[in-house]
Amino acid sequence: MKKKTKIILFVIAILVIISIVVIALMVTADFKQEGKLEKELDSLYVLLNNYPLDYEALDKKLSTTITTDDYGKVEKAIKDYSRDFVNYMKQFDTLINDETLINAVSVENIKEDGPDFTNTKNKLSESKSSLDTLLTNFSDYLTEEFALSYIKDNELDEYYIDIYKQYVLGDNFSEMESAKNDIVKSLNDIKALIENEEETIDFLVKNKGNWEIENDQLVFYTETLSNQYNDIVAKIKELG
């Protein structure tokens, strides 16, 4: 065999070995990235599945990306999608923790804002409007089409899109549908509570000359009005 041929074969052999090593390193690095992603997202979902949400911890978690390349794109898409959920939940928590909503028909509020209840009526109307917006947002958000919109422009192979789907949509779409139904039911229950509080306030305004606060109790001048009021309040207690 000529010396030149031996050199060429030697170079080819070296290149093959280098290629094998490079591929092995790439595969190893790929597995490491996937492992990091899995660990990171598992810790994220622990935070998301614990209510009340730890918003400080979630903000910190969602503001960083620890993986790179295609895995980094998947991680960012999942965190962007999760961030919108967290923002909606912040709005939800603000709404249900509002003192006016909680104490709308309390004796203290009746004394403070009655008999016309201008502030209370405005606040309940604002709360119901905010709730309607949240209902729309959650209904849109918890759909497969909307969820996939966060990943579609990343030009990723199907393998990486499947990873995204696994974490965002679950093993099957029924999980997301179930979550959507639960959230929508909860929001509708709160909406019903607000509407019953509005009914109570409207009743007090309509009959403002027929009741008073006596010894920190609401007293009506007729038994008929008292019974009607109690029937309305009973609806609130059933929803509370």
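Residues are called buried when their relative accessible area is under 20%, exposed when it is over 50%, and partly exposed in between, using a 1.4 Å probe and protein chains only. N215 sits in the loop between β1 (211-214) and β2, and its phi is near 55°, a positive value in a residue other than glycine. D69 counts as exposed at 65% relative accessibility.

The model is a predicted one, in which local features need pLDDT of at least 70 and side-chain atom pairs count only at pLDDT 80 or more, while totals for chains, interfaces and linings use all residues. Residues are numbered from 1 along each chain as its sequence is written, and side-chain values use heavy atoms, with hydrogens and water left out.

Confidence is expressed as pLDDT, the predictor's own score for each residue, from 0 to 100. The protein chain averages 85, and 84% of the residues score at least 70. Confidence is lowest in helix α1 (residues 3-48), with a mean of 61, and highest in helix α2 (residues 55-62), with 96. Over residues 6-29 the pLDDT is below 50, and beyond near neighbours in sequence this stretch has two contacts in the model; a contact means heavy atoms within 4.5 Å. Where pLDDT is low, the predicted coordinates should not be read in detail.

The protein chain has ten helices and two strands. Along the sequence they follow the pattern α-α-α-α-α-α-α-α-α-β-β-α. Of the 240 residues, 33% count as buried. Among contacts between residues at least 6 apart in sequence, 71% join residues at least 24 apart.

In α2, the buried residues are Y55, L58, K61 and L62. They cover an arc of only 125° around the axis, which puts them on the same side of α2; the arc is that of the directions from the helix axis to the C-beta atoms. The face of α2 turned away from this buried side carries the exposed residues E56 and K60. In α8, the buried residues are Y160, I161, I163, Y164, Y167 and V168. Seen down the axis, these fall within an arc of 155°, so they line one face of α8. Just after α8, G170 takes a positive phi of about 85°.

The backbone also holds cis peptide bonds. One runs from Y51 to P52, with omega near 5°, and P52 is placed in the loop between α1 and α2. Another runs from G114 to P115, also with omega near 5°, and P115 is found in the loop between α5 and α6.

Pockets come next. On a 1 Å grid over the protein atoms alone, a pocket is an open set of points where a 1.4 Å probe fits, with protein on both sides within 12 Å along at least five of seven lines, and lining residues have an atom within 4 Å of a point. The largest pocket holds about 610 Å³ of space. It is lined by 23 residues, of which Y45, L48, N49, F85 and A179 are the closest to its centre. The elements giving two or more residues to this lining are α1, α3 (69-96), α8 (158-168) and α9 (173-206). By class, the lining has 16 nonpolar, five polar and two charged residues; Ala, Val, Leu, Ile, Met, Phe, Trp, Tyr, Cys and Pro count as nonpolar, Asp, Glu, Lys and Arg as charged, and the others, Gly among them, as polar.

The second largest pocket holds about 330 Å³. Of its 18 lining residues, V105, E197, V233, I236 and K237 are the closest to its centre. The largest share of this lining, six residues, comes from α10, and the lining as a whole has 13 nonpolar, three polar and two charged residues.

Definitions and conventions: Helix = DSSP H or I, 4+ residues; strand = E, 2+ residues; numbered from the N terminus. Points joined across faces, edges and corners; volume = space filled by probe spheres on them.
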